[in-house]
Amino acid sequence: MRIGILGFDHLHAEIYRENLRNIPDAEVVGFSHEKPEEGAGLNWYRRHSELLAANLNGAIICCETDRHRELVEAAADAGCQILCEKPIETNLADAKGMLDACTKQGVHFMTAFPMRFASSVTSLRAMVQRGDFGKIMGINGVNHSEIPTGHRKWFGDRTLAGGGAVMDHTVHLVDLFRWIFDVEISEVYAEVNSLLVAPQVNVETAGLMLLTFADGLHASIDCSWSRPTFYPRWGHLKMEVVGEKGAAVMDSFAEHLTLYSRGAPRNPSWVGFSSDPNQAMIEEFVASIRENREPEVTWQDGYKALEVALAAYESEKLRRPVRIGSNDRQWS
Amino acid sequence: MIVDLMVHDFDFARWLGGEVQRIFARRSRNDQGMAEYAQAILRFKSGAIGLIEGGWAYPAGVFRTGFDLSGSDGLIEWNSDQPGPVHVLRASEAEDTGAVGLPISGITEDPYTIEICHAYDAIRTENPFDVTAQDALQSLRIALAARESINTNQPAIL
């Protein structure tokens with residue numbers, strides 16, 4: 001399987017490069033990006049079209065979010081199976097355009113939601129689906145991180161990223177809610193602010209949301225960039241499920257060593273030792289190409305998550321809960 | 001539950017974040033109406049935001065609390081799952097009764113004792129109480145606004 005990485009703007013591109021190297025029948029053909037030095041050790045292509053002409057089976061889209069459609073369309077035209085970074089686009093119209101391009105060319109589109117592949121999440125999902133907690137009373141989802149602009153500036157640019165902390169983190173938790181509880185989100189209320197400000201940021205840095213699911217269940221989301229840059233790790237992903245017959249508290253990155261090392265970028269650092277969900281996600285992408293089938297995470301999953309993130313901005317503007325999928329409103 | 005239990009969290013949040021401008025809340029109950037769980041988002045007048053969650057929904061005997069306070073210059077994380085200075089391991093005997101479990105803490109002064117001593121001293125010396133009637137009134141107002149928001153499915157303004 002010949003895989004190319006289109007754009008190296010996203011933080012995860014370097015991780016995917018390593019993940020691909022662990023898969024025996026995957027070959028990383030190269031990457032296309034303005035800066036040759038960022039791909040460290042990968043073949044560099046000056047233009048995306050040159051990489052796409054190299055007979056690829058799969059393309060991983062890691063450019064800025066508002067350029068996803070352009071590169072997805074190019075990759076689809078080249079007949080590549082696609083793995084696209086989240087959020088899949090900055091608006092619904094461009095997100096739909098990507099699906100049209102993939103349908104037309106008969107290629108599959110996988111959304112990069114690695115947390116579905118974390119063992120903490122799969123075991124929590126099994127408990128929920130077995131009914132271990134009885135009637136669910138409430139859910140809390142937390143995805144905190146440091147502000148990512150220290151690594152990649154464009155995350156703080158509303159045009160390029162489509163938003164800040166809400167755009168960055170909401171989509172992960174919404175996808176997990178939809179997958180674990182097997183239900184769509186019907187209503188969103190959000191409060192956001194930019195009090196945790198880093199220079200050169202014109203996006204929100206904190207957000208809190210209350211969601212209602214189609215079956216009436218309530219869930220909160222804390223999607224803030226509220227960990228300081230001197231925190232011992234990038235952040236965390238947590239979930240609490242409270243049911244009539246019991247509760248579960250999940251902290252997906254809880255297993256770690258505390259490392260004190262002279263000259264380390266973080267001191268101390270929390271070094272995780274759970275299985276890497278990114279590795280499992282990339283293996284699924286490669287397997288879906290090998291077996292010529294729809295991947296486990298689809299365009300629909302990416303679209304539904306984006307819809308909720310955009311509804312959060314709408315709710316903040318209107319200062320009231322917003323219904324998802326209603327026809328009287330267009331967020332694009 | 002909102003006025004009995006969560007009012008403590010509203011008071012704590014207001015003590016940390018100042019006056020609250022608006023609140024949006026949602027609540028679930030089980031079919032028998034015994035278990036109750038609620039979540040509320042506060043918008044403070046300062047522009048800060050806060051999430052409060054509380055419930056009478058955990059299995060009997062389980063009590064947990066915690067907070068996560070983040071600001072422009074730093075962060076505090078804490079929750080009651082963290083082990084205390086003494087960790088007791090013992091063979092289980094008969095089924096434990098469903099009394100509310102309280103964490104074993106390294107703090108030698110019981111907060112209830114501190115509270116009673118403070119009230120006694122304030123009365124004795126005719127000094128004001130640290131927690132005022134205004135504090136009680138404001139936290140009750142927040143709790144009642146949470147209930148209003150649950151009933152209207154709209155944010156309630158304070």
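This is a predicted model: local features need pLDDT of at least 70, side-chain atom pairs count only at pLDDT 80 or more; totals for chains, interfaces and linings use all residues.
Figure 1. Three helices and six strands form the secondary structure of chain B. Along the sequence these elements follow the order α-β-β-β-β-β-α-α-β. Taken along the principal axes, the C-alpha atoms of chain B fill a box of roughly 50 × 50 × 35 Å. Chain B has 158 residues, and 23% of them are buried.

**Figure 2. Surroundings of B:I23 and the largest nonpolar core.** The largest nonpolar core has 123 residues. The members that touch the most other members are A:L6, A:I61, A:A75, A:I82, A:V188 and B:I23. Helix α7(A) provides the largest share of this core, with ten residues. Domain 1 (2-107) and domain 2 (115-274 + 306-323) of chain A each give at least three residues to the core. For B:I23, with neighbours within four places in sequence left aside, the contacts are B:A40, B:I41, B:L42, B:I142, B:A145, B:A146, B:S149, B:P155, B:A156 and B:L158.

**Figure 3. Packing of helices α5 and α7 in chain A.** Two packed helices are described by the angle between their axes and the distance between the axes. Here α5 (residues 119-130) and α7 (residues 165-181) of chain A pack at an angle of about 40°, and their axes are 9 Å apart. The two helices, α5(A) and α7(A), are therefore oblique to each other. On the α5(A) side the contact is made by A:V121, A:L124, A:R125 and A:V128, and on the α7(A) side by A:L176, A:W179, A:I180 and A:F181. Seven residues of the contact of α5(A) with α7(A) are nonpolar, one is charged and none is polar.

**Figure 4. The two domains of chain A.** The division of chain A gives domain 1 (2-107) and domain 2 (115-274 + 306-323). Taken over C-alpha atoms, the centres of domain 1 and domain 2 of chain A are separated by 25 Å. Twelve residues of domain 1 of chain A and 14 residues of domain 2 of chain A take part in the contact. The side of domain 1 of chain A that touches domain 2 of chain A has five nonpolar, two polar and five charged residues.

**Figure 5. Contact between chain A and chain B.** The contact takes in 28 residues from chain A and 25 residues from chain B. On the side of chain A that touches chain B, at least two residues each come from β7 (136-145), β8 (185-193), β9 (206-213), β10 (218-222) and β12 (246-251) of chain A. Strand β9(A) gives the most to this side, with four residues. By class, the side of chain A that touches chain B divides into twelve nonpolar, nine polar and seven charged residues.

**Figure 6. A:F155 in the loop between β7 and α6 (158-161) of chain A.** A:F155 has 25 other C-beta atoms within 10 Å and is therefore buried, the threshold for a buried residue being 20 or more. Not counting residues up to four places away in sequence, A:F155 touches A:P148, A:T149, A:A161 and A:D168. From A:F155 to A:M127 the separation is 28 residues in sequence and 35 Å in space, C-alpha to C-alpha.

Note on methods. Residues are numbered from 1 along each chain as its sequence is written. Chains are lettered from A and ligands numbered from 1 in the order in which they are written. Axes are lines fitted to C-alpha atoms, for helices over the stretch in contact, and angles run from 0 to 180 degrees between N-to-C directions. Angles under 35 degrees count as roughly parallel, over 145 as roughly antiparallel, 65 to 115 as roughly perpendicular and the rest as oblique. Two residues are in contact if their C-beta atoms, placed from the backbone, lie within 7 Å. Ala, Val, Leu, Ile, Met, Phe, Trp, Tyr, Cys and Pro count as nonpolar, Asp, Glu, Lys and Arg as charged, and the others, Gly among them, as polar. A nonpolar core is a set of buried Ala, Val, Leu, Ile, Met, Phe, Trp, Tyr and Cys residues joined through C-beta atoms within 7 Å. A residue is buried if 20 or more other C-beta atoms lie within 10 Å of its own, exposed if 12 or fewer, and partly exposed in between; C-beta atoms are placed from the backbone. Domain bounds come from an automatic or database domain assignment.
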